[in-house]
Every structure is written in C-alpha cells, then in structure tokens.
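Hello,

Here is the structure we talked about passing on. My notes on the disulfides and the aromatic pairs follow below.

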Amino acid sequence: MIRIIFLALLSLVVATPAFAQPARAPNIAGEWTFESPLEPEDGCVITGRAVLTPTRERGVYTLTTRGQETCPDGTWTSEQSCTARQTGARVDITCEIVRANPGNYAPDDFQLDVQSRELMTGVLISTRNGRAIWRRAHAYVS
C-alpha cells in the first residue's frame, strides 16, 4: 500500500509543470544578417552581416559586423568589433569601429530579444536609432 501511494505521489511530482525546467534561450552563435530602418523615417537603413562566436565566458560572444548605411543622399560602410552579452532571451551588443568610410561613422549597438533560433528583434542604438531585425544567415547551395 505504501509503495502504491509513493508511486502515485511520484507520478504527480513528475507530471507537475511547476517542477519543469524553464525553457532555455536558443544558441545565438553563428552567422546573422541584420537590418535597421532609421528613425525618423527618411529612407535610411542599415544592413549587414555578423558572425557571433562564443567565448569561454558563458553568455558572452565576440562578433564582427560588416554593415552599410544606405540613404537617399549617400552610402556609408563599416566594419565593427563587438561584444554580445546574452542573459536569457536578452542580447546586448556593444561595438567599436574597426574601419569606416567615411571615417566619422558612429558604432552600431543593439539591444535584442531572442524570438527563436532564427530571429532576434529589438533596437539599434547609435547616432540615430531604429528597430532592428536579425535573421539567421543560411548558406545557399547552387
């Protein structure tokens, strides 16, 4: 009888969602593309690619971005060296300019929320701000 009661209680504990592990945020390591229409809306958008590489410190990544800001009156390019810190589903990215053309380009920092393994959304924080969309880059085989 005691064994039956124990097994019944054990099955309740195992089946109870309160004891379930919280969902882990997807691994963000790898190659991403990003785009960020700038505010106020005047046709300017920043687009680019980034590669996130994990470091020895949990939740910390190094990344390099290659981007382009395109506006009706011109185009600017940049390469930036960045650090990403992931806390749960939140990713904060801070960058430093490696090279830019023209040279007065400001770093592009981001605050992102991991939506899925394939998508992060949030904001660009720079000289001008804007919403940011990061999508997992995929290799296309021709």
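**Disulfides**

Cys 82 and Cys 95 form a disulfide, with their sulfur atoms 2.1 Å apart. Please keep in mind that this is a predicted model. The S-S torsion of Cys 82 and Cys 95 is about 105°, so this disulfide is right-handed. The pair links distant parts of the chain, with Cys 82 in strand S4 (residues 74–87) and Cys 95 in strand S5 (residues 90–101), 13 residues apart. Cys 82 counts as buried at 4% relative accessibility, and Cys 95 is buried with a relative accessible area of 9%.

The search of the whole structure gives 2 disulfides. Another joins Cys 44 to Cys 71, S to S 2.1 Å. Its torsion about the S-S bond is about 130°, so it is right-handed. Cys 44 sits in the loop between S1 and strand S2 (45–54) and Cys 71 in strand S3 (residues 60–71), so the pair ties together parts 27 residues apart in sequence. Cys 44 and Cys 71 are both buried. Counting bonded cysteines along the chain, the pattern is 1-2, 3-4.

**Aromatic pairs**

The whole structure holds 3 aromatic pairs. The ring centres of Phe 34 and Trp 134 are 5.0 Å apart and the planes are at 20°, so this pair is stacked. Phe 34 lies in strand S1 (residues 30–37) and Trp 134 in strand S8 (residues 130–136), so the pair ties together parts 100 residues apart in sequence. Phe 110 and Trp 134 pair edge-to-face, at 5.1 Å centre to centre and 85° between the planes. Phe 34, Phe 110 and Trp 134 form one aromatic cluster.

Regards

Technical notes
Residues are numbered from 1 along each chain as its sequence is written. This is a predicted model: local features need pLDDT of at least 70, side-chain atom pairs count only at pLDDT 80 or more; totals for chains, interfaces and linings use all residues. Side-chain values use heavy atoms; hydrogens and water are left out. Rings of Phe, Tyr and Trp (its six-membered ring) pair if their centres lie within 6.5 Å; planes under 30 degrees apart count as stacked, over 60 as edge-to-face and the rest as tilted. Helices (H or I, at least four residues) and strands (E, at least two) are DSSP runs, numbered from the N terminus. A disulfide is a pair of cysteine sulfur atoms within 2.5 Å. Buried means under 20% relative accessible area, exposed over 50%, partly exposed in between (1.4 Å probe, protein chains only).
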